[in-house]
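Subject: Structure handover

Hi,

Here is the structure I promised to pass on. Could you open it alongside this note and have a look?

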Amino acid sequence: YLKAAVDSVIGQAYERWELCVLDDCSGSTVAANLMVEYQDEPRIRFERRTANGGIALASQSAAEMATGEFLGFLDHDDVMRPHALFEVAQHLRAHAEDDVVYSDEDKLDPFGRRVGAHLKPDWSPELLESCNYICHFTVIRHTLFNEVGGFRTGFDGSQDHDLFLRSTERARSVGHIPKALY
């Protein structure tokens, strides 16, 4: 899964990206061994924590590695459509005030067929208060991420929802790309 996730970033039509991969001190060397294959790709950064901190701290550590204006979040077992980052960049050119942007998403079966589209409504703060409907693929302006304190420990399992609630509350504007990019 991790190889497919990394390859989906490398295969992006939009080439101005940085991928920060963090191993949260897993008991396996699979991630570290795989990341050696990408050591010549300067846009990929890999680190391994010396102690397991849980998903919120691991996500925060990966975000702290990033240097870009926007942060996008990708799980180890997810893949992005080849035009995902292009669509986000195009949206942000047209809507520069958006501090948070999310897209529709889909699920893939073991054969790579799309089988579970999640077509999301446009921005609804009321719906977000009741469930994390925006989930993936979401990007947040890096300065806003830092302003709201990033991922907070103690919210493992709901770390994304917690971050999105705090970020959208302070965002100038929230945008939705009605395409399954993830």
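Below are the notes on pockets, strands and a few backbone details.

First, the ground rules. This is a predicted model, in which local features need pLDDT of at least 70 and side-chain atom pairs count only at pLDDT 80 or more, while totals for chains, interfaces and linings use all residues. Residues are numbered from 1 along each chain as its sequence is written, and side-chain values use heavy atoms, with hydrogens and water left out.

The largest pocket holds about 1,600 Å³ of space. It is lined by 47 residues, and L19, C20, G72, F73 and L74 are the closest to its centre. A pocket here is an open set of points on a 1 Å grid over the protein atoms alone, where a 1.4 Å probe fits and protein lies on both sides within 12 Å along at least five of seven lines; lining residues have an atom within 4 Å of a point. Grid points are joined across faces, edges and corners, and the volume is the space filled by probe spheres set on them.

Elements that each supply at least two residues of this lining include α1 (2-10), β1 (19-23), α3 (54-65) and α7 (159-170). Helices (H or I, at least four residues) and strands (E, at least two) are DSSP runs numbered from the N terminus. By class, the lining of the largest pocket has 31 nonpolar, seven polar and nine charged residues. In this scheme Ala, Val, Leu, Ile, Met, Phe, Trp, Tyr, Cys and Pro are nonpolar, Asp, Glu, Lys and Arg are charged, and the others, Gly among them, are polar.

The second largest pocket has about 500 Å³ of space. Among its 19 lining residues, D77, D78, V79, K107 and L108 lie nearest the centre. Its lining divides into eight nonpolar, two polar and nine charged residues.

**Strands**

Four strands make an open sheet with mixed pairing, in the order β3-β5-β4-β6; two strands pair if DSSP finds at least two bridges between them. β3 and β6 (174-180) are the edge strands, each pairing on one side only. Neighbouring strands of this sheet are turned by 15° against each other on average, direction ignored. Axes are lines fitted to C-alpha atoms, for helices over the stretch in contact, and angles run from 0 to 180 degrees between N-to-C directions.

β4 (residues 100-104) runs antiparallel to β5, joined by three bridges, and V101 has V139 in β5 as its bridge partner. α7 packs on the sheet and touches β4, β5 and β6, its direction making about 50° with that of β5. Contact means heavy atoms within 4.5 Å.

Elsewhere, β1 and β2 (residues 44-48) pair in the parallel sense over five bridges.

**Backbone details**

C135 sits in the loop between α5 (125-130) and β5. Leaving aside neighbours within four places in sequence, C135 is in contact with E105, K120 and F164. C135 and E105 are 30 residues apart in sequence and 8.8 Å apart in space, C-alpha to C-alpha.

Most residues other than glycine have a negative phi, and most peptide bonds are trans. Yet H136 and F137 are joined by a cis peptide bond, with omega about -5°, and C25 has a positive phi, near 60°. C25 lies in the loop between β1 and α2.

Best wishes
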